Amino acid sequence: MSESSAQALVQSAIADALKRVIAAGEINAQLPKAIKLDRPKNREHGDYATSIALALAKSSDLAPRAVAELIVKSLIDNDLLSKAGISKVEIAGPGFINITLNNASQTAVVIEILSKAKKFGHGNWLSDKKVNLEFVSANPTGPLHLGHTRWAAVGDALGRVLSAAGAEVSREFYINDRGNQMDLFGASIRAVALGQERPTDGYHGEYIIDLANEIVKSNPEFLKLSEADGVNAFRDTGYKLQLKQQQGVLDNFGTHFDTWFSEKSLYENDFFTHSLEKLKSQGHVYETDGAVWLRTSDFGDDKDRVMIKSDGSFAYFASDSAYYVSKRERGFNLCIYMLGADHHGYVGRIKAIAACAGDDPKLNIEILIGQMVKIMEGGEELKLSKRAGTIITLEELVEKVGVDAARYTLIRYPTDTPMVMDVDLLRKNTNENPVYYVQYAHARICAVLRNAKDLGISYGVNQFKPELLVHERERELIGLLAEFPRVVQGAAQIREPHRVARYAEELAGVYHRFYNDCRVLPLGDEKSSELNSARATLSLATAQVISNALDLLGVSAPEKM
RNA sequence: GCGCUUGUAGCUCAGUCGGAUAGAGCGAAUGCCUUCUAAGCAUUAGGUCGCAGGUUCGAUUCCUGCCAGGCGCACCA
């Protein structure tokens, strides 16, 4: 566990020192819950820095630097430095305490990485969460488009990050297999099959023609059915084919779901009635004008929402509310919804469902909004798709740039900002294409290690001599490797998997610089030394962390490029 | 009109919990391969962090107002 890490030792040493200062009555302050440690941007400021003295200065009525001096004195007098692996403590600027680790303490992370291997960076920070992660949830009436693709990548990465952080995660795809749109879908396929005009508000993509052909081929009798029966038959068969197509595409994209949840199933076995009873028991259901409403305005929604329309049919919102009840009854204590920006108006009402069900909307439900994705090629925005008529599909994107580039690019931006994908850039094999930049660092290390093996240089935990790694680049690299668990923790806690991608880029950059300045393997006919071995071991640890980071994004870490 | 969201270098964008001199890639200029993958590295140039207030020892970060872009406001799904 990273709780035993150098960072944690430093934190507890400072807390200990501060506690003694307070106990001695030298300072009038309360011990903060946690000692905040920053990683200074400037390497001259040491490995870690804390602004605790600045924060305590006011209440203690002392100058910040005076507070810092008391803490540092306490650290020294109570012999807390060596125990925490600290080699140097300095007070700087307005009162920062800068801390430099000793070599053994700093390099310990290399050994930790190699022994934990794939598990390095994982933790149990979120072990109390049982998460239902719902994403993509496309209508099964057509191919997946760019918006779905963003979620397919980010949702999957978030699932991996949450799991790494110790949460129990179930990925769910909600299938809107009920209602008007499905009927229009059936009617559209049937119209094409019969050589008729499609309904104007129906589906007009070319894929409808493919579906019609395929269905007629195996079910020619559908053509003879009455309109109502025909629409049903084409709808149900077409839906199955389309869903299978979506599943195949997602599978190929490396995004897998634990549950494909059918909206229709919410109305089987009286589940809807049961969920309605549950909401009623909380007192937020009422009937007006012949319709059944949920009083979502009790919880910040603009207006109340209809569940059962006055004609007795179910509004879409009925499904939403029953679906939430279902998630909670299946034992999830955190329901995460990933919605497209065009649905952000739903945030209020969905959160209100949770409140109406007697839950705490701050605790049990979270909604992430994904902004639009544009795609550029040849300097122009792509808008047309052959298959879907007007939209670019997930499949087409993958055909253009490949799974790794597509996934990585979609994940590396925060989801709440609109993004532009430049196809030309993603096909480039240079610095400006971050996927390759990171993957290249990994492949480069693998090449170095292959060569090391050929030269008979042995490396690894057993022959690791960390005291040889004193170069500035080495220290920088090791320091960044040690940050990985923190990055995973942060990404999981604020649900931002893109942080892992940015970290991977930074790590790749630091490795490239190390590689440039620190020769790993012996030159020419030099004899190999223990330094070669130590650097190879450091390289091995770096490859492990890059690979772990890429794994959290669902992107491959190639050994050769 | 109301709500959500964005505004950081010429371009595309990073920058949880407020901290020291605001970062990266591209683009521009100049260097580094007879030996580990140059799909790489280095140096230089480039900024009123949209504007104006407020809170604070300290604000790109938090609060308010304004300006500008994007999106949404159904007994549709």
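This report describes selected helices, salt bridges and individual residues of the structure above.

The structure is a predicted model, in which local features need pLDDT of at least 70 and side-chain atom pairs count only at pLDDT 80 or more, while totals for chains, interfaces and linings use all residues. Residues are numbered from 1 along each chain as its sequence is written, chains are lettered from A and ligands numbered from 1 in the order in which they are written, and side-chain values use heavy atoms, with hydrogens and water left out.

Helices (H or I, at least four residues) and strands (E, at least two) are DSSP runs, numbered from the N terminus. The expected span of a helix is 1.5 Å times one less than its number of residues.

Helix H15 covers residues 434-454 and has 21 residues. From its first C-alpha to its last, H15 reaches 30 Å, close to the 30 Å expected at 1.5 Å a residue. Gly-456 follows H15 and has a positive phi, near 75°.

Helix H10 has 14 residues, and its reach of 20 Å from first C-alpha to last is close to the 20 Å expected at 1.5 Å a residue. A residue is called buried when its relative accessible area is under 20%, exposed when it is over 50%, and partly exposed in between (1.4 Å probe, protein chains only). H10 is mostly covered, with eleven of its 14 residues buried. Among the buried residues of H10 are Phe-317, Asp-320, Tyr-323, Tyr-324 and Lys-327. H10 is followed by Gly-331, whose phi is positive, near 95°.

Ser-275 lies in H9 and counts as buried, at 1% relative accessibility. Contact means heavy atoms within 4.5 Å. Leaving aside residues up to four places away in sequence, Ser-275 touches Ala-322 and Val-325, and both of these are among the buried residues of H10.

## The crossing of H6 and H7

Axes are lines fitted to C-alpha atoms, for helices over the stretch in contact, and angles run from 0 to 180 degrees between N-to-C directions. The axes of helix H6 (residues 180-193) and helix H7 (residues 207-218) come within 8 Å and cross at roughly 70°. H6 is therefore roughly perpendicular to H7; angles of 65 to 115 degrees count as roughly perpendicular, those under 35 as roughly parallel, those over 145 as roughly antiparallel and the rest as oblique.

On the H6 side, the contact is made by Phe-185, Ser-188, Ile-189, Val-192 and Ala-193. On the H7 side, Ile-208, Ile-209, Leu-211, Ala-212, Ile-215 and Val-216 take part. These residues divide into ten nonpolar, one polar and no charged. In this division Ala, Val, Leu, Ile, Met, Phe, Trp, Tyr, Cys and Pro count as nonpolar, Asp, Glu, Lys and Arg as charged, and the others, Gly among them, as polar.

## Salt bridges

A salt bridge is a side-chain nitrogen of Lys or Arg within 4 Å of a carboxyl oxygen of Asp or Glu. The whole structure contains 26 salt bridges. The table gives three of them.

| Pair | N to O distance |
|---|---|
| Glu-329 and Lys-278 | 3.5 Å |
| Lys-465 and Glu-530 | 2.4 Å |
| Glu-476 and Arg-473 | 3.2 Å |

Glu-329 and Lys-278 form a salt bridge that links distant parts of the chain, joining H10 (residues 316-329) to H9 (residues 271-281) across 51 residues. Glu-329 is partly exposed, with a relative accessible area of 38%, and Lys-278 is partly exposed at 33%.

Lys-465 and Glu-530 form a salt bridge that also links distant parts of the chain, 65 residues apart. Lys-465 lies in the loop between H15 and helix H16 (472-481), and Glu-530 lies in helix H19 (residues 530-553). The relative accessible area of Lys-465 is 30%, which is partly exposed, and that of Glu-530 is 47%, also partly exposed.

Glu-476 and Arg-473 both lie in H16, three residues apart, about one turn of the helix. Glu-476 is buried at 17%, whereas Arg-473 is partly exposed at 22%.

A network of salt bridges links Asp-156, Arg-160, Arg-171 and Arg-407.

Val-136 has a positive phi, near 65°, although it is a residue other than glycine. Val-136 lies in the loop between strand S4 (130-134) and helix H5 (146-164) and is buried, at 8% relative accessibility.

Asp-270, also a residue other than glycine, has a positive phi near 60°. Asp-270 lies in the loop between strand S6 (259-262) and H9 and is exposed, at 58% relative accessibility.
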